[in-house]
Amino acid sequence: MFSNNKRSGSMKLALIGCMAMTLFLSACGNGNNENAANSGAEATAAPAPTATATAEATAAPTETTAPATEKTVTDAMGHEVTVPANPQRVLASYMEDYLVTLGVTPVAQWSVTNGTQEYLIADLKDVPTISYDLPLEAVTSFAPDFHIVQSESSVQNGLYDQLNKIAPTYVLGDKISKDWRKSLLKIGELLNKSTEAEQAIADYDQKAADAKAKISSSIGDDSVAILWLVSKNFFIVDETRSSGAVLYGDLGLKQPNLVTEIPAASRATWNPITLEKLAELTADHIFLVNSDKTEASDILNGAIWKGIPAVKAGNVHELSEASSWLYSGAIANSKTIDDVLSFLVK
């Protein structure tokens, strides 16, 4: 059976933490560039202008971009937040994918006891870590000038006020953070990077469209399941989140029976599923994010697992715990598409 416990934002972080242990302001200022009159000039007759001077005077003015200015915005929790004109020390824990996409290096990166978002390691190898639960002392030590928090649930019990004393803090909110495109656009707006955000989405959508055509030609109407094995437990992805949104939404792959049967009231990004229920899976292909390796070898060698059609057909495509499949964003999703192409398109 599927678990009926609805996952909160903080539960999501704890779940990702388990894996690892086994493992802003698009606002051009409206300030007016006024041409002040030369108060020292005397009202005397000026010499006749030359042809060159006349041409310069009549030429269209050169467009310039007005400097960005600070802006007050309202976040998902109703806080009025004054965002610096050009934030230089941004902290956005667990949203580093968006920052890297926009060309912004955070002052610190999300982490759990034994790991970070490893698929971003090439971009964040020199960036220090901060614990997922945002200890105030650590936040203070990084001296951020702007702070973005992903979920309302992560700043309860007075934590928001404490964080906001350190730096202006904007809560993105669960409603927006469920959609990586909306998240990227909003963060681009906050960091004065809207153009970069829009271009990144356009590039990704084109890549997904190209990949969709190739995959369809390769496997036709085959169904595909995405499983995560961690702490000897299986989880199956929701169709609208993380790598599920990539495969079932962007790439148009067919969902297997168990994904469509997840009770709507209890859906989370990753939904726990018993081994007995997993025996009913009829997927033609399985993408398995294996965070257990040796610890769960008995499960993967058991009769139930070996009886699944995709397993019997040799269509299990295993991914490491360091892969992008547990995350979401332009970079994570693009890497997921690369993996799908490498396994399914020959």
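I started at helix H6 (residues 159-166), which lies across E6 and E7 and runs at about 140° to E7. Contact here means heavy atoms within 4.5 Å. Axes are lines fitted to C-alpha atoms, for helices over the stretch in contact, and angles run from 0 to 180 degrees between N-to-C directions. Helices (H or I, at least four residues) and strands (E, at least two) are DSSP runs, numbered from the N terminus.

Basis of the entries. I am working on a predicted model, where local features need pLDDT of at least 70, side-chain atom pairs count only at pLDDT 80 or more, and totals for chains, interfaces and linings use all residues. Residues are numbered from 1 along each chain as its sequence is written, and side-chain values use heavy atoms, with hydrogens and water left out.

I looked up the strand order and found an open sheet of 3 strands, E3-E6-E7, with parallel pairing; two strands pair if DSSP finds at least two bridges between them. Strand E3 (90-91) and strand E7 (169-171) are at the edges with a single partner strand each, so one side of each has no neighbour in the sheet. Strand E6 (residues 146-149) is joined to E7 by 3 bridges, and the two run parallel. I noted valine 171 in E7 as the bridge partner of valine 149.

Alanine 143 sits in the loop between helix H5 (136-141) and E6. I found a positive phi of about 45° there, although alanine 143 is not a glycine. Most residues other than glycine have a negative phi. Alanine 143 has a relative accessible area of 43% and is partly exposed; buried means under 20%, exposed over 50%, partly exposed in between (1.4 Å probe, protein chains only).

I traced 5 strands in an open sheet with the order E10-E9-E8-E11-E12 and mixed pairing. Its edges are strand E10 (270-273) and strand E12 (316-320), each with a single partner strand, so one side of each lacks a neighbour in the sheet. On average, neighbouring strands of this sheet are turned by 30° against each other, direction ignored. Helix H10 (residues 242-250) packs on the sheet and touches strand E8 (224-230), strand E9 (233-237), E10 and E11, with its direction at about 165° to that of E8. Strand E11 (residues 285-290) runs parallel to E12, joined by 5 bridges, and asparagine 290 stands opposite serine 320 in E12. Helix H16 (residues 330-344) lies across E11 and E12 at about 145° to E12.

Entry, the E8-E9 loop. Lysine 232 is in the loop between E8 and E9. I read a positive phi of about 60° for lysine 232, which is not a glycine. Its relative accessibility is 46%, which is partly exposed.

Entry, the E1-E2 hairpin. Strand E1 (residues 71-74) and strand E2 (residues 80-83) run antiparallel, joined by 4 bridges. I checked threonine 74, and its bridge partner in E2 is glutamate 80. The hairpin has 5 residues between the strands, and glycine 78 takes a positive phi near 85°.

Entry, totals. I counted 16 helices and 12 strands in the protein. Of its 346 residues, 46% count as buried.
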